[in-house]
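Welcome, and please take a look at the structure below. A short tour follows, grouped by topic.

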Amino acid sequence: MGHALDVDRLQFAFTVTFHYIFPQLTMGLALLILYLKTKAVRTGDEHYNRAARFWARIFGINFAIGVVTGIPMEFQFGTNWAEFSKAAGGVIGQTLAMEGVFSFFMESSFLGLFLFGEKKLGKMGHWWAAFMVWLGSWLSGYLIVATDAWMQYPVGYRLGANGEIQLASFWGLVLNKWAIWQYMHTMLGAVQTGCFVMTAVGAFYLLTHRDEVYGKTFVKAGVLVGVIASCLQLFPTGDIQGRLIAQNQPVTLAAMEGLFESERGAPIAILGQPDVADRKLDNPLIAPNMLSFLTYRQWSAEVRGLADFPQDLWPDKIEMLYYSYHIMVGLGTIFIAVMMIAALLLWRKKLFEARWMLWLLMLCVPLPYIANTAGWMTAELGRQPWLIYGLMRTAAGASPRVAAGNAWFTLIGFMGMYTVLSILWLFLVWREIELGPEPGKLRGEEAALLAAD
Amino acid sequence: MGTVWFCLVAIMIAMYVLLDGFDIGAGAIHLLVAKTDEERRQVLASIGPVWDGNEVWLLAAGGTLYFAFPELYASGFSGFYLPLIIVLWLLILRGTSIEFRNHIKSAVWAPLWDFAFCGSSLLLAVFFGAALGNVVRGVPLDATGYFFEPLWTNFRLGEQTGILDWYTILVGVLALAALVMHGGLWVRLKTTGKTGERAMQLADWAWWVVAGLTALVTAVTFRVQPQVGENFRTWPWGMVFPLLAAGGLVAVRIFLAKRNERNMFLASVAYLTGMLTSVVFGMYPMVLPARNPAFSLTVGGAQAGAYGLKVGLIWWTIGMILAAGYFTHVYRSFAGKVSVDKDSHGY
């Protein structure tokens, strides 16, 4: 296998990280578009329909890139991870195939109707199309998270005669408790991306004094949903995920927290740089006893440190894992603060005039993307050195005949294509924002110039 | 149970070829049949609301193959590493072209995507054909159950084959011709004016290439893969599949002469179905033949555990009924000739 393994890992990490930029927005936006469509149906106000159409255009661009970058993910299980596929395909192939059969057919059918058929479908019909697009994308999210959750916490399987992993309980796989909590945590992350993007566009319109009616609608929707999502992200979903890791992947917890020695009343490190060679945390800024409390609900409980585990069970990229986790938690905390303050200002009817807050909301837009990526990196780096936790090591899963040179060839190709896609994406989304919710309307200077003629 | 899933996966792949086949075919002829911006928008509108759903058949078939025959998925996908990744790149390019072309009205934006759409569709047709050729010809599997094929070696059918050799290229060209015909007939069915006329003319020419190459490839295949002839001798009822293909091909000609747009497309569906089912029938019980027959992967050897296959049958059936419902709905609401004067929301 040699060094092809590193390239295989890099390629999967690169392609999946890039891919997830798009679904996190579309899954979040699907919910917010449904909110706008519901408002339109209930109030009969055409304003909400135009708002929904504007977001549907941005959704469409992101969805298209999400689709084309998603196809390689399924294929790469076979192309680069053949030994893993051969051993575990009978189990995880189930959830992957179900994603195609149940959600992709639904999404692709109703997205066409949603994007192209508003006039034909009528008011309620179009609401239903929006609903089905939301349902399809959220179902897809569940099935893919269930696949990952099985790799984190394998259940419902038995070993066959040749060591192949066979499905033993369908419901065990589908209703894996790890999947349920990981799903909620993941989806709340996606909703926050949707909320921050919608809020940022709204704030931009308010700050530049254009389309202000829409700006207010967007900021309001984003903040209202965002404040709920950011709180639920921490508690209960983040908290329970953390405790699942403590119970089932204790060495991962120690690495995430940068805890090298076992301790009673273990502190939580807020900042600090792990020095893996010397087994210590440099420049630590700590909150005493917090880790014990958060993990076991007892201030003096013992938390096991990395030293308690044989080194070949340690995740192999402890520094990256540590930073991913800390960035995720740090940003999650900032989101709660920002959304709480915004919600407070909204409640006191001061938000739309509070330009400093609008600036802040606008500039926050990249942060949920970083937090979601860091969260996934925490999950996947934390799973190392296992591909299937406790069952198969990552080194044992790669394709035996794919040489490093061939893997580099394809990785470089993906990098090139995705660079072009990124530029197109930014350009087209920016253009939609610039055109605005009423593309035909002349505004500001143009309108004034025309009037002067 | 393995045989049941062998048939179901084959059906899903056939659905993919029939459905995505017409939009890939439409792409391959895009630059030839549509000259003006309006005509090109006609071609794109004829596949716009359905191409993504059609492509889902590839993903769904891939997923189903994955859980039903994990060993085949592992061996085949890693062995066909390079062409598969190239296919992924082409699918990315093609999807992007279709979705982004109409975002900006400009003399440099649209033609660029038209070219990318046409080129990627054309190459996809050839690659898919060559892939099928590889599976029929057999791959250099060894005792480990793995292989790796470079894109080409010496273009001969020896022990160390490449993805491209004279046989697989021949199948690739046949696939291109067949999808040009299929796509041309679809564009004729969905469009009016000059675009439709040119598409039918092109399909008419493609028919002769398809007919010639079908005869040639069929004759050669019996020599390249002996299992095919053996299966037809053992189970002569299997002749219904090649007869369906031949009947379909003849029917395309007849309906072309009568200018019956709906029936000539359906006849092309029958031809493609017949061709694919013939191949599948000829291969059974192999799922991936090896150049050395001792190492071939078979249905029995590659299938997943019995429980998983049984439980899969339940949800697969439910899922397919739902999918059939969605497809009927989408194609119905999209029936008739396309018009291009609406904006993107149907207003």
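In chain A, 74% of the contacts with a separation of 6 or more are between residues 24 or more positions apart; two residues are in contact if their C-beta atoms, placed from the backbone, lie within 7 Å. This is a predicted model, in which local features need pLDDT of at least 70, side-chain atom pairs count only at pLDDT 80 or more, and totals for chains, interfaces and linings use all residues. Residues are numbered from 1 along each chain as its sequence is written, while chains are lettered from A and ligands numbered from 1 in the order in which they are written.

**Chain A as a whole**

- Chain A has 14 helices and 8 strands; helices (H or I, at least four residues) and strands (E, at least two) are DSSP runs, numbered from the N terminus.
- The radius of gyration of chain A is 24 Å, close to the 22 Å that the globule rule gives for 453 residues, so chain A is as compact as a globular protein of that length. The radius is taken over C-alpha atoms, and the globule rule is 2.2 Å times the number of residues to the power 0.38.
- Along the principal axes, the C-alpha trace of chain A spans about 80 × 50 × 40 Å.
- Of the 453 residues in chain A, 53% are buried. A residue is buried if 20 or more other C-beta atoms lie within 10 Å of its own, exposed if 12 or fewer, and partly exposed in between, with C-beta atoms placed from the backbone.

**Chain B as a whole**

- Chain B has 14 helices and 2 strands.
- For chain B the radius of gyration is 20 Å, close to the 20 Å that the globule rule gives for 347 residues, so chain B is as compact as a globular protein of that length.
- The C-alpha atoms of chain B fill a box of roughly 60 × 40 × 40 Å along the principal axes.
- Buried residues are 54% of the 347 in chain B.
- In chain B, residues 24 or more positions apart make 74% of the contacts with a separation of 6 or more.

**Where the chains meet**

- On the two sides, 55 residues of chain A are in contact with 56 residues of chain B.
- Helix 3 of chain A gives the largest share of the side of chain A that touches chain B, 24 residues.
- That side of chain A has 27 nonpolar, 19 polar and 9 charged residues. Here Ala, Val, Leu, Ile, Met, Phe, Trp, Tyr, Cys and Pro count as nonpolar, Asp, Glu, Lys and Arg as charged, and the others, Gly among them, as polar.
- The axes of helix 13 (residues 404-435) of chain A and helix 6 (residues 81-100) of chain B come within 10 Å and cross at roughly 10°. Axes are lines fitted to C-alpha atoms, for helices over the stretch in contact, and angles run from 0 to 180 degrees between N-to-C directions.
- Helix 13 of chain A and helix 6 of chain B are therefore roughly parallel; angles under 35 degrees count as roughly parallel, over 145 as roughly antiparallel, 65 to 115 as roughly perpendicular and the rest as oblique.
- The residues making this helix contact include A:Met417 and A:Leu421 from helix 13 of chain A, and B:Ile85 and B:Trp89 from helix 6 of chain B.

**Helices within chain B**

- Helix 4 (residues 51-68) and helix 14 (residues 306-333) of chain B have axes that come within 12 Å and cross at roughly 175°, so these two helices of chain B are roughly antiparallel.
- Among the residues in their contact are B:Phe67 of helix 4 and B:Trp316 of helix 14.
- Helix 5 (residues 70-79) of chain B is mostly covered, with 10 of its 10 residues buried.

**Local details**

- Strand 4 (residues 268-275) and strand 5 (residues 280-287) of chain A run antiparallel, joined by 6 bridges; strands pair if DSSP finds at least two bridges between them.
- In the hairpin of these two strands, A:Arg279 takes a positive phi near 55°.
- The peptide bond from A:Phe235 to A:Pro236 is cis, with omega near 5°, and A:Pro236 is in helix 7 (residues 212-248) of chain A.
- A:His209 is not a glycine, yet has a positive phi of about 55°; A:His209 is exposed, with 10 other C-beta atoms within 10 Å.
- B:Phe155 also has a positive phi, near 65°, and is partly exposed, with 14 other C-beta atoms within 10 Å.
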